[in-house]
Amino acid sequence: MEQAFSGTVIEWRGPAPYYFVPVPEQESVALRAAGSAASYGWGMLPIRARIGSAEWKTSLWPKDGGYLLPLKDAVRKPEGLDAGDAVDVRLTFDAPPRQQKRPAKRAHVPRPTGSREPVTAEQLTIVPANRATWEDLQAVFGTTGSPASCWCQRFRMLPKESWASEGPEELAARLRDQTGCGNRKARATSGLVAYLDGEPVGWCAVAPRADHPRLLRDFRVPWLDRNEDKTDTSVWAVTCFVVRVGYRRRGVSRALARAAADFARERGAGAVEGYPDLVDGGFVGTLATFADAGFAEVSRPGNRRVVMRIDF
């Protein structure tokens, strides 16, 4: 369905300024009814928007019974828009495709809660994230803790953006756009999802290194003492692992690291890198995770970080 309306740009002054166009009440009611089955949490609704010559994908934010259309700077500035400006907006909501089936379940093997039984790569089904459902990825990230706050956006945020300024709803919306979850025809996706016995258990972010603005601005990792072209899109990066509670420390991350290297090579990468933490690994992975997947150490930018790499 399509909705066209005129509105006025407003500005929210939080830790970082953000601009919106309020959706009128009548259009909000129609969109809410049409998209009742498509919202992916917090009442947000994925749509395509058009203002002038700019067209982009985003998500409507629920507010006081209506919706706000977020107007990102990449759209607002080229169109010369600021708070108080009148705009003509066209919104397109596409009904979601039928939910993709999860990988076929294997015969279930009961495991006690808190099991540390190793998981082999052969037991896992690892797929590009656009072949997984958004609900499956949400199950991996959970509802509390760092994954549910960051949504794998640490290295993708722009200057002056932070977890607090953007909020989990916006960061989750960005990850959904980046992964194209549920859209098997998506041209690109930003990671892999692992299944065990049909259950989603792990996530790994792998994408061109140049797709990570904050990584490009980091003066130590991965650039210290290296002569690297930061804009080289043939070099990919594995930047994040998230393993679902109950499946950690069982080998899921190692299998994902191996699959990420294969995925990058198949997508035309000339090399793929990882940046493990020597102290606690955290969500960037451990040295052993990458070494086991065939990555070799190329530099140590500091006392706790290592640059690991495979050249294809």
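This is a predicted model: local features need pLDDT of at least 70, side-chain atom pairs count only at pLDDT 80 or more; totals for chains, interfaces and linings use all residues.
Cysteines come up first. A search of the whole structure turns up zero disulfides. Cysteine 204 has its nearest cysteine sulfur, that of cysteine 240, 7.9 Å away.

Helix α1 spans residues 25-34, and Glu27, Ser28 and Leu31 are buried in it. Looking down the axis of α1, the buried residues sit within an arc of 100°, so they line one face of the helix. Turned away from that buried side is a face with the exposed residues Glu25, Gln26 and Ala33. An α-helix makes a turn every 3.6 residues, so positions three or four apart point the same way.

As for charged pairs, the model holds 18 salt bridges. One of them joins glutamate 228 to arginine 209, with the closest N and O atoms 3.0 Å apart. Glutamate 228 lies in the loop between α6 and β11, and arginine 209 in the loop between β10 and α6, so the pair ties together parts 19 residues apart in sequence. Arginine 209 is buried, at 0% relative accessibility, while glutamate 228 is partly exposed, at 25%. Glutamate 228 also pairs with arginine 226, at 3.6 Å between the closest N and O atoms. Another salt bridge links glutamate 297 and arginine 300 at 2.7 Å, N to O. Through shared partners, Arg209, Arg226, Glu228, Glu273, Arg309 and Asp311 form one network of salt bridges.

Methods: Residues are numbered from 1 along each chain as its sequence is written. Side-chain values use heavy atoms; hydrogens and water are left out. A disulfide is a pair of cysteine sulfur atoms within 2.5 Å. Buried means under 20% relative accessible area, exposed over 50%, partly exposed in between (1.4 Å probe, protein chains only). Helices (H or I, at least four residues) and strands (E, at least two) are DSSP runs, numbered from the N terminus. The arc is that of the directions from the helix axis to the C-beta atoms. A salt bridge is a side-chain nitrogen of Lys or Arg within 4 Å of a carboxyl oxygen of Asp or Glu.
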